[in-house]
Amino acid sequence: MKIKQLLLGTVIIGVIWNIADFILQGIILKSTYESISGYVSMDSINPVWWILFDFIQAFLVTWFFRKVMSSFERSPQGAMLFGVFLAIILAVPTVFIEGITVKGFPMWLAWLWLVQYIIYGAVAGYILGMLSKPKIATA
Amino acid sequence: MNSKQLLLAFLILGIIGNVYDILFHGVMLGPTYATIPSMADNSSMNPLWFILFDFIGAFLFVWVFSRMESSLEKNPMGGVMYGFLVGILVTIPGMLYEAVMYKGFPLWLSFAWIAGFIIKFVIYGAVLGMLVRPKKATA
């Protein structure tokens, strides 16, 4: 995987995650976050942080994929498996610790976050697999 | 990596993780957590959850390694590299969310968590690398 693919992967995944987070976290779950007593008001947080965090995570996932991609089939399906493995190790047990330690955090939200991580990981893996797929020589 | 190595590594890392977390989160940072208004009272949490979470985290660390080991060196340095990469992925930007979202969460604590988790995963990696190192043939 070349530097160009690393940057392209970061940008594509970062944009997709930002759109998904805007809908899921910013619209669908906003009222839930507002009801968690341990959290500050979502409106008080500069949205630039969320955008930046998604791009940082996208870069790190793509960079990690470069390091271990030879362990996976060089196809979108093979890289999806990478994405799912990574999502599981990132989310478990972290999201459940959040459920125990933060005041007013509902446990169903931890499970939802786990599902979200796995879907985001699978999507990122699929994109990385597309980008790193060997080109078929044309006649 | 065979199933015996996987099981042994899981048990050893689970124990190391628990000892590490008692010292890091319980002894070193426990008094700080008590001052953060968004965090639930320590006495209200069942410590069994933290013991269980460390074993689950250790299992996933070892299991994901077993799926990526063909890309990694099978020695302590290879394990350290894997632990370092996982540590970065788990903590950045994950541990920075807390400083943005939790009420009264100091930014320095996010950085302490990042450093603490990376050190923990590097230790995990070094131990795992020792366990999976190929045995040298004796004369």
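A nonpolar core is here a set of buried Ala, Val, Leu, Ile, Met, Phe, Trp, Tyr and Cys residues joined through C-beta atoms within 7 Å. In the present structure, which is a predicted model, the largest such core has 42 residues. Within this core, the residues with the most contacts are B:Leu13, B:Phe61 and B:Leu128. At least two residues of the core come from each of H1, H3, H4 and H6 of chain A, and likewise from each of helix H1 (3–28), helix H3 (47–68), helix H4 (76–91) and helix H6 (107–132) of chain B. The largest share, nine residues, is supplied by H4(A). Apart from this core lies another, of seven residues, which includes A:Tyr39, A:Val102, A:Phe105 and B:Phe105. The surroundings of B:Leu128 were also examined: when residues up to four places away in sequence are not counted, B:Leu128 touches B:Ala9, B:Leu13, B:Val62, B:Phe65 and B:Gly79.

The overall architecture of each chain was then described. Chain A contains six helices and zero strands, and its elements follow the pattern α-α-α-α-α-α along the sequence. Chain B likewise has six helices and zero strands, with its elements running α-α-α-α-α-α from the N terminus on. The C-alpha trace of chain A spans about 60 × 25 × 20 Å along its principal axes; for the C-alpha trace of chain B, the spans are about 60 × 25 × 20 Å. Of the 139 residues in chain A, 32% are buried, while in chain B 29% of the 139 residues count as buried. Among contacts in chain A with a separation of 6 or more, 78% are accounted for by residues 24 or more positions apart. In chain B, 82% of the contacts between residues at least 6 apart in sequence join residues at least 24 apart.

Helix H6 of chain A was considered in detail. This helix covers residues 107–132 and has 26 residues. From its first C-alpha to its last, H6(A) reaches 37 Å, close to the 38 Å expected at 1.5 Å a residue. The buried residues of H6(A) are A:Ala110, A:Tyr117, A:Tyr120, A:Gly121, A:Ala124, A:Gly125, A:Ile127, A:Leu128, A:Gly129, A:Leu131 and A:Ser132. Their cover includes helix H1 (3–28), helix H3 (47–68), helix H4 (76–91) and helix H5 (94–101) of chain A.

Two packed helices are described by the angle between their axes and the distance between the axes. For H4(A) and H6(A), the angle is about 145° and the axes are 6 Å apart. The crossing in which H4(A) passes H6(A) is right-handed. Sorted by class, the residues in the contact of H4(A) with H6(A) are 21 nonpolar and seven polar, with no charged residues.

The contact between the two chains takes 28 residues from chain A and 29 residues from chain B. On the side of chain A that touches chain B, H3, H4 and H5 of chain A each supply at least two residues. The largest share of this side, eight residues, comes from H3(A). By class, the residues of chain A on this side divide into 20 nonpolar, six polar and two charged.

In chain A, a cis peptide bond joins A:Val92 and A:Pro93, with omega about 5°; A:Pro93 is located in the loop between H4 and H5 of chain A. In chain B, a cis peptide bond links B:Ile92 to B:Pro93, with omega about 0°. B:Pro93 is placed in the loop between H4 and helix H5 (94–101) of chain B. A further loop of chain A, between helix H2 (30–35) and H3, holds A:Asn46. A:Asn46 counts as exposed because 9 other C-beta atoms lie within 10 Å of its own, and a residue is exposed if this number is 12 or fewer. The C-alpha atoms of A:Asn46 and A:Gly78 are separated by 37 Å, the two residues being 32 residues apart along the chain.

Methods
Residues are numbered from 1 along each chain as its sequence is written. Chains are lettered from A and ligands numbered from 1 in the order in which they are written. This is a predicted model: local features need pLDDT of at least 70, side-chain atom pairs count only at pLDDT 80 or more; totals for chains, interfaces and linings use all residues. Helices (H or I, at least four residues) and strands (E, at least two) are DSSP runs, numbered from the N terminus. The expected span of a helix is 1.5 Å times one less than its number of residues. A residue is buried if 20 or more other C-beta atoms lie within 10 Å of its own, exposed if 12 or fewer, and partly exposed in between; C-beta atoms are placed from the backbone. Two residues are in contact if their C-beta atoms, placed from the backbone, lie within 7 Å. Axes are lines fitted to C-alpha atoms, for helices over the stretch in contact, and angles run from 0 to 180 degrees between N-to-C directions. A crossing is left-handed if the near helix is turned anticlockwise from the far one by less than a right angle, and right-handed if clockwise. Ala, Val, Leu, Ile, Met, Phe, Trp, Tyr, Cys and Pro count as nonpolar, Asp, Glu, Lys and Arg as charged, and the others, Gly among them, as polar.
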